[in-house]
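Dear colleague,

Please find the structure below, handed over for your records. A summary of the findings follows it.

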Amino acid sequence: RFMEEHSPHVCVIGAARMECNQLKELVLQTVFKIIEDNPRAIPDGLDTIHTLYADPAMPALWQVTEWAERELKEHTPLVRHCIAIARELQDPVTVYASLLQDKSILSLPLHPLQKHLTD
């Protein structure tokens, strides 16, 4: 119902566990059913709603930053997490730059040897 009402171009799944494969299959089945039952629910110029995976590491950090809490104070951490996933997909540099303000970016696992560095 959400997809029919809001007509998203993309559905992004935070790929934290193997169960995300099942969720993606469920989303794809839903998209195909929407296309069959109500093709007008798909945005103009598209023939499907793309379904992608996203790394949840950065959104997990961003959702609890002072920046996110101040900007989205009326939303729960889960909603802030979803917003961070969407923003990372649209403009990753801006989201990563916002993590630089409180040095949260330093806790992202970017390299296996990173844990051996000192502050």
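This is a predicted model: local features need pLDDT of at least 70, side-chain atom pairs count only at pLDDT 80 or more; totals for chains, interfaces and linings use all residues.

Cys 82 has a relative accessible area of 43% and is therefore partly exposed, where buried means under 20% relative accessible area, exposed over 50%, and partly exposed in between (1.4 Å probe, protein chains only). Cys 11, at 16% relative accessibility, is buried. The sulfur atoms of Cys 11 and Cys 82 are 10.0 Å apart, too far for a bond. With a disulfide taken as a pair of cysteine sulfur atoms within 2.5 Å, the count is zero.

Residues are numbered from 1 along each chain as its sequence is written, and side-chain values use heavy atoms, with hydrogens and water left out.

As to confidence, pLDDT is the predictor's confidence in each residue, from 0 to 100. The chain average is 81, and 90% of the residues score at least 70. Helices here are DSSP runs (H or I, at least four residues), numbered from the N terminus.

The whole structure contains four salt bridges, each defined as a side-chain nitrogen of Lys or Arg within 4 Å of a carboxyl oxygen of Asp or Glu.

- Asp 37 and Lys 33 form a salt bridge at 2.7 Å, N to O. They are four residues apart in helix α2 (residues 20–37), hence separated by about one helical turn, and both are exposed.
- Arg 80 pairs with Glu 69, with the closest N and O atoms 4.0 Å apart. Arg 80 lies in helix α5 and Glu 69 in helix α4 (residues 66–71), so the pair ties together parts 11 residues apart in sequence. Arg 80 is buried at 6% relative accessibility, whereas Glu 69 is partly exposed at 37%.
- Glu 71 pairs with Arg 87, the closest N and O atoms being 2.6 Å apart. This pair also joins α4 to α5, so that parts 16 residues apart in sequence are tied together. Arg 87 is partly exposed, at 27% relative accessibility.

Finally, Leu 89 belongs to helix α5 (residues 77–90) and is partly exposed at 44% relative accessibility.

Yours sincerely

Terms used
Helices (H or I, at least four residues) and strands (E, at least two) are DSSP runs, numbered from the N terminus.
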